[in-house]
Amino acid sequence: MTKVDIISGFLGAGKTTFIKELISRVYGDEDIVLIENEFGEIGIDSRFMQEAGVEVTEMNSGCICCTLVGDFARALKLVCEEYEPDRILIEPSGVGKLSDVARAVISMRDEAGVEIEHLITVVDGKKAAMYMKNFGEFFNDQIEHAGTIVISRTQDMDEQSLARCVKLLRERNGEAAVVTTPWDSLDGDMIRAALDNEHAVAHVLEELQEHHAEEHEHHAHEHGHHHDHEHHGHDHHDHEHHDHVHEHDGHHHGHEHEHHHDGCGHDHEHGHHHHDHHGHHHADEVFASWGRETVHKFDRGQLEEILRLMGTTDDFGRILRAKGIVQCEDDSWIEFDMVPEELQIRDSRPDYIGRICVIGTSIDEELLEKVLRLDQ
């Protein structure tokens, strides 16, 4: 059996950074394959992993819950056959539900010969309360199904803020190991100790398997055993909707989602209702992604100003993540990574083309294109 770790976390929590820590400090002697799932068609992160000698299979066709049915299962099986790794690390989209990803792996257990060992969720400690309030349906799912919760950016938090954050997380999950030590101070043994939480993982897997069996029975009964589409308990009606975000250029996300309060109770005016039978939302119903390849050479100062506006105002919609790699007017290259109220810009080596990806709700694409001068 190939061991599988799923490392989830909301947009910008620091999943990619933590995966690098895991690989260097815990799994250094193992043969690792990483399966990434970006929300949005422009993939940025995988290059860092390839440089670290990790095989990356990227699926940029939409949110993980939309690709679970076909692409994800195929990718999992293919990776096992082609690379025969000791361990597969799965990094779902920041807006993916950990329960969906775990169920997909469980359903492929025998066919692909895979077994979940660790369920990890990375949480930005400074934003946990805000995300729990506004995007609870997605954020809480990641918390509730974790065996280990790793809080990022704790070095920037005071004791009271950290204690409040841990209390919030504990209310959703009383069994997970919670890592609060700043990552710079963590060593491999500490991480191993936090991951060694078999009881919590077994409890989550048992719950998911029970739910999977109930769902299977429910759908078989409801559809009169017309069950020839392989969606393993997710009622997607066998539609290939993972490109809707791009086909429609995100305009079906034009309704206001400013306050989600656990993601329920909204009147969705657009035509696609990607709900399952229990009224749950899929990520591509709530979140939109806007991605562009570009040859534009940016003024570094102006780009920084635009990114700061994205992270501190609603001028462009509610932007939850912006990342990219672009060329500047002096021919240097930079990478940027923005989450609300935080921006990182660093020098980069050149890439084959500039790329930008923005994720949020109610994105004003025309304004973005205009201010970034991509409409010329």
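These are my notebook entries on one chain, looked up in its predicted model.

**Ground rules**

I number residues from 1 along each chain as its sequence is written. Since the model is predicted, local features need pLDDT of at least 70 and side-chain atom pairs count only at pLDDT 80 or more, while totals for chains, interfaces and linings use all residues, and side-chain values use heavy atoms, with hydrogens and water left out.

**Entry 1: the whole chain**

I started with the overall tally: the chain has 14 helices and 13 strands. Both are DSSP runs numbered from the N terminus, with helices being H or I of at least four residues and strands E of at least two. Of the 376 residues, 57% count as buried. For burial I use relative accessible area: buried is under 20%, exposed is over 50%, and partly exposed is in between (1.4 Å probe, protein chains only).

I then looked up the surface, and the chain exposes about 16,500 Å², with carbon and sulfur atoms supplying 45% of it. Those areas come from the Shrake-Rupley method with a 1.4 Å probe; for residues, only the protein chains shown count as cover.

Next came contacts, meaning heavy atoms within 4.5 Å. Among those with a separation of 6 or more, 74% join residues 24 or more positions apart.

**Entry 2: the cores**

Where do the most contacts inside the largest nonpolar core fall? They belong to Ile6 and Ile90, in a core of 50 residues. Helix α4 (residues 98-107) gives the most to this core, with 6 residues. A nonpolar core here is a set of buried Ala, Val, Leu, Ile, Met, Phe, Trp, Tyr and Cys residues joined through side-chain atoms within 4.5 Å.

I listed what Ile6 touches, leaving aside its neighbours within four places in sequence: the partners include Ile90, Pro92, Leu98, Val101, Ala102 and Val105. Ile116, His118, Leu119 and Ile120 are also in contact with Ile6.

**Entry 3: helix α13**

I checked the length of α13 (residues 300-312) first. Its 13 residues should span 18 Å at 1.5 Å a residue, and the end C-alpha atoms are 18 Å apart, so the two agree. The expected span is 1.5 Å times one less than the number of residues.

The buried residues of α13 are Leu303, Ile306, Leu307, Met310 and Gly311. They cover an arc of only 135 degrees around the axis, which puts them on the same side of α13. I take the arc from the directions that run from the helix axis to the C-beta atoms. Glu305 and Thr312 are exposed on the other side of α13. Cover for the buried residues of α13 includes β9 (297-298), β10 (318-328), β11 (333-339), β12 (342-348) and α14 (365-371).

**Entry 4: helix α8**

Which residues of α8 are buried? Leu162, Cys165 and Leu169 are. They cover an arc of only 60 degrees around the axis, which puts them on the same side of α8. A note to myself: an α-helix has 3.6 residues a turn, so residues three or four places apart point the same way.

On the other side of α8, I found Glu159, Gln160, Arg164, Lys167 and Glu171 exposed. What covers the buried residues of α8 includes β5 (114-124), α6 (128-134), α7 and β6 (148-152). As for length, α8 (residues 159-172) has 14 residues and reaches 20 Å from its first C-alpha to its last, close to the 20 Å expected.

**Entry 5: helix α9**

In α9 (residues 188-195), I found Gly188, Ile191, Ala194 and Leu195 buried. These cover an arc of only 130 degrees around the axis, which puts them on the same side of α9. Asp189 and Ala193 are exposed on the face turned away from the buried side. The buried residues of α9 pack against α1 (15-25), β5, β6 and β7 (177-179).

**Entry 6: single residues**

Cys165 has 3% relative accessibility, so it counts as buried. Cys328, at 2%, counts as buried too. I found 0 disulfides in the structure, a disulfide being a pair of cysteine sulfur atoms within 2.5 Å.

Asn140 lies in helix α7 (residues 136-144) and counts as buried at 4% relative accessibility.

I also looked up backbone angles. Phi of Arg153 is near 65 degrees, a positive value in a residue other than glycine; Arg153 sits in the loop between β6 and α8. Phi of Asp331 is near 75 degrees, also positive, and Asp331 is found in the loop between β10 and β11. With a relative accessible area of 44%, Asp331 is partly exposed.
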